[in-house]
Amino acid sequence: MNVNKDLNYAFALSRQCLRLFGIWPDPHVSVSDIRRPSLRFIIITCIVSFYVFVPQVTNIIRAWGNVALMVEHFASANFSMIALCKLVVTWYHGETLQMLVTSVMTDWITSSNWERYTMMKIARCSRSLSYRCYFFGAGTVGFYFVFNLTKFYQFFHQPQRHFVYPIPYPYAQKSPNYEITFFIQLCAGVYTVFIICTVDSFVSTLVLHMCSQLINLRTTLQNLIDEIANKSMSSSKFRKNLSAIITRHELIIRNAKALDNCFSAMLFVHMLSLTFQLCFQTFRVFTIITEHLEVPFSKKCFLSCYVLLVVMLLWIYCYSAERLLEKSTGIAYGVYECKWYDLPSKNVKDLMFMIYRSADPLILTAGKFGTFSIEMFGITVKTSMGYLSVLLAMKD
């Protein structure tokens, strides 16, 4: 049984990308090293900050009054802000995330064959979500490269040369400063997309792993109740095994709450920002279509992939959190569906602890203002389209 192989399978590409960004909460690294920012983390943070976020915020101020131009600058500034938030928050909570990854490793080591089957089934689901996220991210990055490299070739010999993101730095027009700045900005855009995809894939994988543990816990509890109901187990052994199940349930609850505490504030920014992001990108697509603007085909493809990526980033948390809520409340339903009526009254009373704890579902929150669910996904998309109608009214 290779735990390293299991972790690679469960976390798919997110493990390698988190290592690349210097924020992977490695269980084999000491806490002091986790708390210390790596050189890669510092470099990537500086590149995204000073070559995307700061220039685009400056451009928003300079373009004040021109709605179309402001929306274009705000969209990239907003997306880079989300990436920076996720990068910094994941590094800052490295110690807690290290504990959660260690718990995942322990689950893979100690699991029986049937438990492992359930974990692999859920892991395949999390891998599918991750790969879809990376697929749309790679498509966006691919068309982003084609469009910007074409622009680089067109304006390379012009007296006023264009950048990926218009930059106010006076030194940047001279060679080789222009070429260096252009390609750093190009890399910053790639970092922005993959930081967001990676952190979202990582968090959703942790959430879905907790779902697999809740499924295993429910099955174990049902088997235990069936055994005591069939009188193939003594009451003392039943209480001992039930105590182990309750302890395991408490650990899953603590892990879910620790994960929510780490990312709750960041997820509020995530939902708020992506609501506006979906609005801005659909506004740009709508403007291109309705005004018959002459836009390169690569940019049209880029914007289309961008919209799909934003929708996927909204969906991945809502789907994972919905599964967590369903499986956590499913423990109480699992107790109810068992042969509890064949148990002695003192054993039935012991089961009430599980029901009480399952009555409070495990959730993923957005800054304590909302709970992630499929319903929230629908509300968010609907709200974003409402903002789009306001933007179009302002433009007219």
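Read along the sequence, the predicted model follows the pattern α-α-α-α-α-α-α-α-α-α-α-α, with 12 helices and 0 strands in the protein; helices (H or I, at least four residues) and strands (E, at least two) are DSSP runs, numbered from the N terminus. Because the model is predicted, local features need pLDDT of at least 70 and side-chain atom pairs count only at pLDDT 80 or more, whereas totals for chains, interfaces and linings use all residues. Residues are numbered from 1 along each chain as its sequence is written, and side-chain values use heavy atoms, with hydrogens and water left out.

Along its principal axes, the C-alpha trace of the protein spans about 90 × 45 × 30 Å. Of the 396 residues in the protein, 52% are buried, where buried means under 20% relative accessible area, exposed means over 50%, and partly exposed lies in between (1.4 Å probe, protein chains only). The protein exposes about 18,700 Å², of which carbon and sulfur atoms supply 65%; accessible areas come from the Shrake-Rupley method with a 1.4 Å probe, and for residues only the protein chains shown count as cover. Among contacts (heavy atoms within 4.5 Å) between residues at least 6 apart in sequence, 80% join residues at least 24 apart.

Helix α4, formed by residues 39-62, has 24 residues and reaches 33 Å from its first C-alpha to its last, close to the 34 Å expected at 1.5 Å a residue, the expected span being 1.5 Å times one less than the number of residues in the helix. A bend of about 35° occurs in α4 at serine 49, the bend at a residue being the angle between axes fitted to the seven residues ending there and the seven starting there. Serine 49 is itself among the buried residues of α4, which also include Phe41, Ile44, Thr45, Ile47, Val48, Tyr51, Val52, Pro55, Gln56, Asn59 and Ile60. The cover over the buried residues of α4 includes α2 (14-21), α5 and α8.

A search of the whole structure finds 6 salt bridges, each defined as a side-chain nitrogen of Lys or Arg within 4 Å of a carboxyl oxygen of Asp or Glu. In one of them, the side chains of glutamate 72 and arginine 284 meet at 3.7 Å, N to O. This pair links distant parts of the chain, with glutamate 72 in helix α5 (residues 67-92) and arginine 284 in helix α9 (residues 235-290), 212 residues apart. Glutamate 72 counts as partly exposed at 30% relative accessibility, while arginine 284 counts as buried at 13%. A further salt bridge joins the side chains of aspartate 200 and lysine 86 at 2.5 Å, N to O. Here too the pair links distant parts of the chain, aspartate 200 lying in helix α8 (residues 177-229) and lysine 86 in helix α5, 114 residues apart. Aspartate 200 is buried, with a relative accessible area of 0%, and lysine 86 is likewise buried at 0%.

The side chains of aspartate 107 and arginine 248 also meet in a salt bridge, at 2.6 Å, N to O. Aspartate 107 lies in helix α6 (residues 94-110) and arginine 248 in helix α9, so the pair ties together parts that are 141 residues apart in sequence. Aspartate 107 is buried, with a relative accessible area of 6%. Salt bridges that share partners join Glu72, Arg284 and Lys299 into one network.

Threonine 205 is placed in helix α8 and is buried, with a relative accessible area of 4%. Leaving aside neighbours within four places in sequence, threonine 205 is in contact with Ala10, Phe11, Ser126 and Ser130. The C-alpha atoms of threonine 205 and cysteine 125 are separated by 9.0 Å, the two residues being 80 residues apart along the chain.

The structure holds 0 disulfides, a disulfide being a pair of cysteine sulfur atoms within 2.5 Å. For cysteine 46, the closest cysteine sulfur, in cysteine 187, is 15 Å from its own sulfur, too far for a bond; cysteine 46 counts as partly exposed, at 34% relative accessibility. Cysteine 301 is also in no disulfide, the nearest cysteine sulfur, that of cysteine 305, being 6.8 Å away. Cysteine 301 is buried, with a relative accessible area of 14%.
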